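Morning, everyone. Please have a look at the protein on the screen, and I will walk you through it.

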Amino acid sequence: MLAIVLAAFTLRVHELTRQDIWWDEARNIDVALRPLLHVANAPELDIHPPVYFWLLHFWSRLAALHVGDNPVPLAFLTRYLSVAAGVVGVALLYQLARKVARSPEAGLLAAAVGVFSPFWLAESQETRMYALGFALLTAAALALLQITQPPISNLQSPARRYRYHAPFIVLSALALLTHYNAVFILVAWYGWWGVWALSRTDRWPRLRDVFLSGLAMTALVAPVAPIALRQIPGYANPNLTVPGVGDYLLQNWRAYLGGYAFDPALLRGYGNPWLWGALVLLGAGVVLAVVYAVRDGGKLAWPLSFLIVWLLGGLALYYIAVLDRGAFNVRYSSFVTPALYALAGISLAALGRAWRPLTAIGLIALLVGLIAGVRADFYDNRFAREDISGVTAWLREQAGPNDVIFVDQKYPFGFYYGRYAIDPNETPAGDEAAPARYLFVDINAIDRRLNEWAKDAETVYWVQWFESDTDPRRAVPFLLDKAGKRAGEQNFQGYTVEWWEMTPPNRFELAPDPVPAAYRWPAAVETVEISLPRDPVPAGESVFAAIRWQLATQTPTERPLKARVALYDANDGRVAQSDERVLNDRHLMPGQWGAEDRPLNVYELETPPDLVPGTYDIRLLVYDAETLEPLELVDEAGNPAGIEATIGQVSVE
């Protein structure tokens, strides 16, 4: 066990700073470095309770960390908290499997799986709360198993009988205050505990224990209830496609066994066979473990059922939440992994009872894939996080004092670039030549913001994160294309930098001289006003259009929609077009709009350089983004008017 714990520590500190600080980590560090009383109510904690951030705050104070520190030691020291939690989690995993199976061998095997789990390793090397959550839940589970363990003697004193209740209550409350999704595990646990209590001859005192423990845990988390009520009710992602049950389980299994860097090409193309083989192997072992538990008198049946309820109940309850909120990521359901890895150790031990060599064969087969996943996580650049240090180093070389840099995400740009401001009221200060700013894209004010910050810029750089959804309507490139000339694009791991050459003084205007216009697609939306070019457009340059939309019905289609603005010649030939999703200011589809929504969407039609001069029609079409089926258009009287509306004309020079 000492060797296993040392291996866990070694793996978790190995290459600890190889990856740059990324968005989640930067947000967590920024919040934790604030004054303690400002942490819990930080607006950046959109869906996170405060315990991890408080702990990181105290750890950062102990390590003498400050905003503006060198990002490499900052990354090492803040991640070290997760390293410690990860090592403790492995040690607790040994105790969990050992206690359930009453077998030190099962504990060692489970701990070995935890050591080499690519998923646990990744979470133990990031400044996030998941490794801490795994450790707290595992410790709470051990306390609950002690509570439900039959007493050695009926003459136990009350103090001895109830000595594990307080640790269970405190640890489970801390787990819930580390991540709200621990609630799915706790609900499954309390359900199991209640059934266990009902099976006892002294069921009423036991049920009282269950109720009072739940009440005490609720009292401990109650002070954070106002924060939770502010965060949770509105948290949803209506634009997410909810996975089916099979896909949901597959994504979780692949992540928890193969890690974030799992690829079917691993193991010389045998990645998927290994994944399914491991499922069959461990599933067979669990079945054997259940058989042995029943055959041995049933003493181990309740503890084993606890792990199964933890795993399957946690997954089922979280999936119900996914169906309701549409927020799915394998991380969010990962609090089932302690049960999964404990069952893996118990499974391998049970296989050894059937035929001794099976334990070694199964462990080796499992470790072959796990170690391949660990190696990919460490060294396969395809799975590396973002190269923000490379982005900022390149910008230092390229951007001059008359240029400006805009970044589409708050974090982690400022950890690697000094002259950067998130607050729009602050002036960027630092040693770099060009100022950089976080550009929050409010489409109704973005042109005014660019006029304020980029009026005199000779070059404008636009830094975009690969997971960003800050500008899905592409308002920023729309404005920069109108005011300047696109000069280049540079790609980095996780980032794209585009830049435009400008001729100051620059003027940015999103929708000049909009004209009221009502074109109606009764199943979903209608136009309110339209802005089109008034001056002739040279061939080879873009035609810029802006359209303000509103709902055309109180019950719009729930389907995702796109609008196509297209240029047609005199022979009805389509010579240019722009297809964009129809979204409101919260980036929601029309099915989630309110009656008051009047969102502006923009369209840039790139004309070919050899386009024949003349007058061209501009037409508008709305269609289903997935099936490509066009919606029916109606005229002012409500009569069918085809599918495409002519909304104006443009002259091409």
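I will go from the whole protein to its cores, a pocket, a sheet and a loop.

First, some ground rules. This is a predicted model, where local features need pLDDT of at least 70, side-chain atom pairs count only at pLDDT 80 or more, and totals for chains, interfaces and linings use all residues. Residues are numbered from 1 along each chain as its sequence is written, and side-chain values use heavy atoms, with hydrogens and water left out.

Now the overall picture. The protein has 23 helices and 14 strands. These are DSSP runs, numbered from the N terminus: helices are H or I with at least four residues, strands are E with at least two. The C-alpha atoms fill a box of roughly 95 × 60 × 55 Å along the principal axes. Of the 653 residues, 53% count as buried. Buried means under 20% relative accessible area, exposed means over 50%, and partly exposed is in between, with a 1.4 Å probe and protein chains only. Take contacts between residues at least 6 apart in sequence: 73% of them join residues at least 24 apart. A contact here is heavy atoms within 4.5 Å.

Next, the cores. A nonpolar core is a set of buried Ala, Val, Leu, Ile, Met, Phe, Trp, Tyr and Cys residues joined through side-chain atoms within 4.5 Å. The largest has 124 residues, and Leu96, Phe168, Trp189, Leu307 and Trp310 touch the most other members. Helix H8, residues 130-147, brings the largest share, 15 residues. What does Trp189 touch? Leaving out residues up to four places away in sequence, the list is Leu137, Ala140, Ala141, Leu144, Phe168, Phe306 and Trp310. Apart from this core lies another, of 33 residues, including Val543 and Ile618.

Asp209 sits in helix H12, residues 203-221. Is Asp209 buried or exposed? It is buried, with a relative accessible area of 6%. Beyond residues up to four places away in sequence, Asp209 touches Tyr162, His165 and Trp193.

On to the second largest pocket. Its volume is about 1000 Å³. On a 1 Å grid over the protein atoms alone, a pocket is an open set of points where a 1.4 Å probe fits, with protein on both sides within 12 Å along at least five of seven lines; lining residues have an atom within 4 Å of a point. Volume is the space filled by probe spheres set on the points, which are joined across faces, edges and corners. Of the 38 lining residues, Asp481, Lys482, Ala483, Ser542 and Phe544 are the closest to the centre. Helix H23 gives the most, six residues.

Now the sheet. It is open, with six strands in the order S2-S3-S1-S4-S6-S5 and mixed pairing. Two strands pair if DSSP finds at least two bridges between them. S2 and S5 stand at the edges with a single partner strand each, so one side of each has no neighbour in the sheet. S4 and S6 run antiparallel, joined by seven bridges. Val463 stands opposite Val497 in S6.

Last, Pro428. It lies in the loop between S2 and S3. At 8% relative accessibility, Pro428 counts as buried. Pro428 and Gly418 are 10 residues apart in sequence and 8.1 Å apart in space, C-alpha to C-alpha.
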